[in-house]
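This briefing sets out selected structural features of a single protein model. It is arranged by topic for quick reference beside the coordinates.

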Amino acid sequence: MNNYFVILAAGKSKRFNKKIPKQFFNYQNKEIIDHSIEKSLNSKLFKNILIVTNNLKHLKKKKYPKSISIIKGGKERSDSSLKALKYLKRYKPKNVFIHDAARPNFSIKLLKNIAKNLKKNKAVVPIINSKDTIKYKTQNQIFNLNRNNLLLTQTPQAFRFKELYKVAKDHKDKVTDEATLFINKDFKIKFIPGEKSNNKITYIDDIKTPKTFYGIGFDIHKLVKNKKLYLGGVKIPFHSGLEGHSDGDVILHAIIDSILGAIRKKDIGTYFPNTKKFKNIRSAKMLKPIIFDLNKSDLIINNLDINLICQKPRVSKYRDKIIKSVSKLTGLNENQINLKGKTVEKLGLIGKEKAVACETIISITKYD
Ligand code: ZN
């Protein structure tokens, strides 16, 4: 095992728009660069791992194992790569893997596959096909390129050290990967399938992760004669209706409160106080602006679970109707909504059909 792993982390991340270079940005609970370090260590394929960086101070503070060396990088990626090769020459490596720190998502399986292919080849490079249709622009013209002929090269790329050193040390122009050097010289490369997930982190958007929040809602209203009963926006034939400033729809009120809870925007009373303006308002009308605001802000409801707590009416009789109605009002699919009926063994005011209560829980994800 005379393999060396080089991690290029000297980039300044001009396109990343943050003060710290992207390779030191936090991504899935650790710095982006640490994903590559850990995987190369865990693969047990390498004698030494060499990090090339212009942030020596930052990296030296971290306690890496002895098999990790750190050297200062150059101005361009190709300068840093050459510096690494010159540094490694003294160890007489057989093979060298070159990797960009901005690709934290490669798998150890890919590393092993590269190593396996390197036994019979002098250069092994993972590639994937282009998902996008690409145009080629010259000064005066734009050309169409056939997507099927386009190969996107990834890192890690692995080479017989001697061969790579020879072509790299004489090369003057900057290159963005080592495969370019081999291709320029018409040297043979073994291309192997890369990994779609092994994408390069270039923009801050590439590492944004969605956040999920939960909200709980509860409501109870008194049942009174001579009022219509509304549950989940559905008019239900019953001996009484729910008393309240509005139509008293406990399901919709609890839904509103759970949404407001998940997005941390106080409660239903803040938006619909007991004023003349909202007297006898239908609850569907209260839910509408809340859903409208939600849809405006990249917030997606994942699911909604409802407990309707009453002795009567029997929920099973109206379940489908209520779910259909809530689906229409919230824009959720019916299979994202669950409704459970809970009787209270004739206990207390709810058991005596003097009140109806409802609790809901909702899960909302923010994509930004
Ligand atoms: Zn209410």
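The model is predicted. Within it, the count of salt bridges comes to eleven, while the count of disulfides comes to zero. Helix H1 is largely enclosed by the rest of the structure, because eight of its eleven residues are buried.

**Helix H1 and Ser40**

- The buried residues of H1 are Ile32, Ile33, Asp34, His35, Ser36, Ile37, Lys39 and Ser40.
- Ser40 belongs to helix H1, which spans residues 32-42.
- With a relative accessible area of 1%, Ser40 falls under the 20% limit and is therefore buried.
- The side chain of Ser40 reaches back to the backbone oxygen of Ser36, at 2.8 Å.
- Beyond its neighbours within four places in sequence, Ser40 is in contact with Phe5, Ile7, Leu45, Phe46, Ile49 and Leu111.
- Lys44, which follows H1, has a positive phi, near 55 degrees.

- Side chains of opposite charge can pair when their charged atoms come close.
- Lys62 and Glu31 form a salt bridge in which the closest N and O atoms are 2.7 Å apart. This pair links distant parts of the chain, 31 residues apart: Lys62 lies in the loop between helix H2 (56-60) and strand S5 (68-72), and Glu31 in strand S3 (residues 30-31).
- Glu31 counts as buried, at 15% relative accessibility.
- Glu31, Asp34 and Lys62 are linked in a network of salt bridges; Asp34 is also among the buried residues of H1.
- Glu76 pairs with Lys174 in a salt bridge, with 3.8 Å between the closest N and O atoms. The two residues are 98 residues apart, Glu76 being in the loop between S5 and helix H3 (77-88) and Lys174 in the loop between helix H5 (161-170) and helix H6 (178-184).
- Glu76 is partly exposed, with a relative accessible area of 31%, whereas Lys174 counts as exposed at 60%.
- A salt bridge also joins Glu178 to Arg77, the closest N and O atoms being 2.9 Å apart. Because Glu178 lies in helix H6 and Arg77 in helix H3, the pair ties together parts that are 101 residues apart in sequence.
- Both Glu178 and Arg77 are buried.

- Cys310 is in no disulfide, since its nearest cysteine sulfur, that of Cys358, is 9.3 Å away and a disulfide needs the two sulfur atoms within 2.5 Å.
- For Cys358, likewise in no disulfide, the nearest cysteine sulfur is that of Cys310.
- Cys310 is buried, with a relative accessible area of 2%, and Cys358 is buried with a value of 0%.

**Nonpolar surface patch**

- Ile134, Tyr136, Phe143, Leu145 and Leu152 form a nonpolar patch on the surface, and together they have about 400 Å² of accessible area.
- Tyr136 is located in strand S8 (residues 135-137) and is partly exposed, with a relative accessible area of 49%.

**Phe213 in strand S13**

- Strand S13, which covers residues 211-224, contains Phe213.
- Phe213 counts as partly exposed, at 23% relative accessibility.
- Leaving aside neighbours within four places in sequence, the contacts of Phe213 are Ala262, Arg264, Ile362, Ser363, Ile364 and Lys366.
- Phe213 and Leu299 are 86 residues apart along the chain, and their C-alpha atoms are separated by 10.0 Å.

Key:
Residues numbered from 1 in each chain as written. Predicted model: local features only at pLDDT ≥ 70, side-chain atom pairs only at ≥ 80, totals over all residues. Heavy atoms only, no water. Helix = DSSP H or I, 4+ residues; strand = E, 2+ residues; numbered from the N terminus. Buried < 20%, exposed > 50% of the residue type's maximum accessible area, 1.4 Å probe, protein only. Polar contact = N/O pair within 3.5 Å; in protein donor to acceptor, adjacent residues only side chain to side chain. Contact = heavy atoms within 4.5 Å. Patch = residues over 30% accessible without salt bridge, like charges linked within 9 Å, V, L, I, M, F, W, Y side chains within 5 Å. Areas by Shrake-Rupley, 256 points an atom, 1.4 Å probe, with all protein chains shown as cover. Salt bridge = Lys/Arg side-chain N within 4 Å of Asp/Glu carboxyl O.
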